[in-house]
Amino acid sequence: MLKILKNFTDSPTSGGIILFICVLISLTIANSPLGDAFENILNTQLGFETASVHLRYTTALWINDGLMAIFFLLVGLEIKRELVSGELSTPRQALLPIFCAFGGAIVPAGIYFAVNQGTETVSGWGIPMATDIAFALAVIAMLGKRVPASLKVFLAALAIVDDLIAILVIAIFYSAELHTIYLGYAAAILALLFIFNRLGVQSLIFYLIPGLFIWYFVHHSGIHATIAGVLTAMTIPLATKGQKEPPLLKLEHALTTPVNFLIVPLFALANTAIRFEEGMLEGLVSPLGVGIIVGLMLGKPVGVYLMTKLAILLRIGSMPQGASWVQIIGVGLLAGIGFTMSIFIALLSFSDNLLIAEAKFSILVASLLSGVTGYILLNRVATPSNDNEKKT
């Protein structure tokens with residue numbers, strides 16, 4: 001039994017499967033007699049507060065601002081690892097996925113802005129910029145050897161850069177009024193963590209406990225609290241002498257399972273509890289729905305494809321080994337699976353519950369269609385390496 005469980009958690013597709021199940025459960029609960037009780041649970045106040053400390057929030061806010069900070073901590077660790085010693089560590093390796101990530105962010109945002117210009121929903125332009133790493137990689141992992149390994153690495157690097165862009169967008173455009181005193185406190189603690197790094201401090205406790213205070217001060221500064229996870233991740237040492245597992249890799253390995261199988265599923269449960277009401281389908285053809293769906297389904301693959309063409313034309317990047325142009329479009333479609341990050345930005349974009357529900361529903365539809373279309377396209381296109389294998 002334990003071996004079966006371990007094999008499941010180690011599978012690259014398992015995270016996506018759990019997410020999909022949680023979405024179905026959340027939608028089912030929301031449209032059942034349990035819907036009101038579930039909503040009450042999400043609105044229940046938890047925590048404590050005093051005259052000087054305020055830590056009493058709803059269950060939903062603890063999930064979206066608290067637990068998701070741990071998700072962003074893991075994303076930050078992955079970004080730093082890739083920048084220092086991974087697929088983004090050299091200009092030649094990094095430029096193509098960076099180009100494609102920017103193309104896959106700017107084109108969808110432009111489409112959304114053009115469709116929603118002059119409406120109350122124009123502030124949601126950041127929604128179709130994001131890619132859900134877990135879902136996208138789960139879909140391409142299901143294709144196995146039918147796609148070259150280089151294409152999977154390319155998608156992973158593209159999604160990581162995409163997340164970095166989304167993080168910057170959230171920090172710059174979707175944060176509230178800044179309170180400089182709290183921001184100063186957070187900056188001082190962050191500077192201390194960088195000093196620890198330079199001094200060679202290896203114990204994770206010296207980074208994680210101050211990281212909690214960074215989260216608190218960032219949360220009260222007006223910048224979205226989840227950014228604290230990324231900032232803390234940037235200070236954690238990667239290169240160490242005499243250690244089999246550097247602190248960054250140790251923490252990354254420790255967080256991967258709880259994030260993939262607890263935190264992100266909880267986020268999905270809390271944020272996809274959409275009640276299907278009369279007029280919901282019409283919302284798909286509203287400027288909000290069209291901007292999201294067309295942005296993710298069309299804008300992503302177009303942006304990725306055009307920037308790949310440009311990078312190769314300028315000779316600052318090269319095609320993933322063994323990949324075809326059709327497969328690049330397929331990867332662009334998989335990048336259109338927005339889900340977690342798109343829903344996250346939707347929550348920051350609107351205060352009207354109806355607009356939030358319509359945005360979530362549009363994201364679900366766009367992500368499902370992008371994933372299915374991308375899978376079918378990549379499945380139908382044989383790689384050159386596989387063709388050669390068949391001939392021999």
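Reader: What makes the crossing of helix 4 and helix 7 left-handed rather than right-handed?

Author: A crossing is left-handed if the near helix is turned anticlockwise from the far one by less than a right angle, and right-handed if it is turned clockwise. Helix 4 passes helix 7 in the left-handed manner. The helices themselves (H or I, at least four residues) are DSSP runs, numbered from the N terminus. This is a predicted model, in which local features need pLDDT of at least 70 and side-chain atom pairs count only at pLDDT 80 or more, while totals for chains, interfaces and linings use all residues. Residues are numbered from 1 along each chain as its sequence is written, and side-chain values use heavy atoms, with hydrogens and water left out.

Reader: Why are helix 4 and helix 7 called oblique?

Author: Helix 4 and helix 7 (residues 149-173) pack at an angle of about 125°, with their axes 10 Å apart. Axes are lines fitted to C-alpha atoms, for helices over the stretch in contact, and angles run from 0 to 180 degrees between N-to-C directions. Angles under 35 degrees count as roughly parallel, over 145 as roughly antiparallel, 65 to 115 as roughly perpendicular and the rest as oblique. The pair is therefore oblique.

Reader: Which residues make the contact of helix 4 with helix 7?

Author: Phe72, Val75, Ile79 and Glu82 of helix 4 meet Ile160, Asp163, Leu164, Ile167 and Ile170 of helix 7, where contact means heavy atoms within 4.5 Å. By class, 7 of these residues are nonpolar, none is polar and 2 are charged. Ala, Val, Leu, Ile, Met, Phe, Trp, Tyr, Cys and Pro count as nonpolar, Asp, Glu, Lys and Arg as charged, and the others, Gly among them, as polar.

Reader: What makes helix 2 and helix 11 roughly parallel?

Author: Helix 2 (residues 14-30) packs against helix 11 (residues 247-271) at an angle of about 30°, with the axes 8 Å apart. The two helices are therefore roughly parallel to each other. Helix 2 passes helix 11 in a right-handed crossing. The contact holds 10 nonpolar, 3 polar and no charged residues.

Reader: How do you know whether Cys22 is buried or exposed?

Author: Buried means under 20% relative accessible area, exposed over 50%, and partly exposed in between (1.4 Å probe, protein chains only). Cys22 has 9% relative accessibility, so it counts as buried. Cys22 is among the residues of helix 2 that meet helix 11.

Reader: What is the setting of Cys100?

Author: Cys100 lies in helix 5 (residues 91-116). Its relative accessible area is 0%, so Cys100 is buried. Cys100 and Val304 are 204 residues apart in sequence, yet 4.6 Å apart in space, C-alpha to C-alpha. Leaving aside neighbours within four places in sequence, Cys100 contacts Phe154, Leu158, Val304, Met307 and Thr308.

Reader: How many disulfides does the structure hold?

Author: The structure holds 0 disulfides, a disulfide being a pair of cysteine sulfur atoms within 2.5 Å.

Reader: Why is helix 14 described as largely enclosed by the rest of the structure?

Author: Of the 11 residues of helix 14 (residues 339-349), 9 are buried, so the helix is largely enclosed. Among the buried residues are Phe339, Met341, Phe344 and Ser349.

Reader: How do you know whether Ser362 is buried or exposed?

Author: Ser362, in helix 15 (residues 353-380), has 0% relative accessibility and therefore counts as buried. Beyond its neighbours within four places in sequence, Ser362 is in contact with Gly283, Leu284, Gly289, Ile292 and Ile293.
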